[in-house]
Amino acid sequence: MTCCGKGRQAINMVKTGAQVIGKIAAGRWAPPQTIEYRRQQCSSCSLRTIVLTVEFCGKPYNGRITHIETEGCGCMIRMKTALADEKCPLGKW
Ligand code: SF4
């Protein structure tokens, strides 16, 4: 990989992080029942990945410029399921 590729990955990671922080700061939380339903769906999903006790949708996000939705988005499930605007990449919720 070239240095430019790594630079783009770093920029993409910062952009994604800023988007998540923006959503959290905006307080767009899903209702508790919605969060519980989403977490139930995720807990039985074959894409759920646990790394050091943290659950992820697929492999943890690592700054990939593109991702394959059928392999999960790489988000932390606990945060993803709590944000109102989030969607399951497989359409389960
Ligand atoms: S968000 Fe969807 S694809 Fe990802 S772990 Fe949850 S149910 Fe599975």
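I began with Thr53, which is found in the loop between strand 1 and strand 2, where helices (H or I, at least four residues) and strands (E, at least two) are DSSP runs numbered from the N terminus. The model is a predicted one, in which local features need pLDDT of at least 70, side-chain atom pairs count only at pLDDT 80 or more, and totals for chains, interfaces and linings use all residues. Residues are numbered from 1 along each chain as its sequence is written.

I looked up phi for Thr53 and found a positive value near 70°. Thr53 counts as exposed because it has 5 C-beta neighbours inside 10 Å; by the cut-offs I used, a residue is buried if 20 or more other C-beta atoms lie within 10 Å of its own, exposed if 12 or fewer, and partly exposed in between, with C-beta atoms placed from the backbone. Leu52 lies in the loop between strand 1 and strand 2 (54–57), and its phi is also positive, near 50°. I noted for context that most residues other than glycine have a negative phi. Leu52 has 5 C-beta neighbours inside 10 Å and therefore counts as exposed.

**Chain as a whole.** I read the pattern along the sequence as α-α-β-β-α, with three helices and two strands in the protein chain. Of its 93 residues, 12% count as buried. Taking two residues as in contact if their C-beta atoms, placed from the backbone, lie within 7 Å, I found that 47% of the contacts between residues at least 6 apart in sequence join residues at least 24 apart.

**Core.** I then listed the largest nonpolar core, which has six residues: Cys42, Phe56, Cys57, Cys73, Cys75 and Ile77. Such a core is a set of buried Ala, Val, Leu, Ile, Met, Phe, Trp, Tyr and Cys residues joined through C-beta atoms within 7 Å. Leaving aside residues up to four places away in sequence, Phe56 touches Thr49, Val51, Gly74, Cys75, Met76 and Ile77.

**Ligand shell.** The residues around the ligand include Cys42, Cys45, Cys57, Ile77, Cys88 and Lys92, a residue being near a molecule if its C-beta atom, placed from the backbone, lies within 6 Å of it. By class I recorded eight nonpolar, two polar and two charged residues in this shell, with Ala, Val, Leu, Ile, Met, Phe, Trp, Tyr, Cys and Pro as nonpolar, Asp, Glu, Lys and Arg as charged, and the others, Gly among them, as polar. Cys45 lies in the loop between helix 2 (32–43) and strand 1 (48–51), and counts as partly exposed because it has 18 C-beta neighbours inside 10 Å. I noted a separation of 9.2 Å between the C-alpha atoms of Cys45 and Lys92, which are 47 residues apart along the chain.
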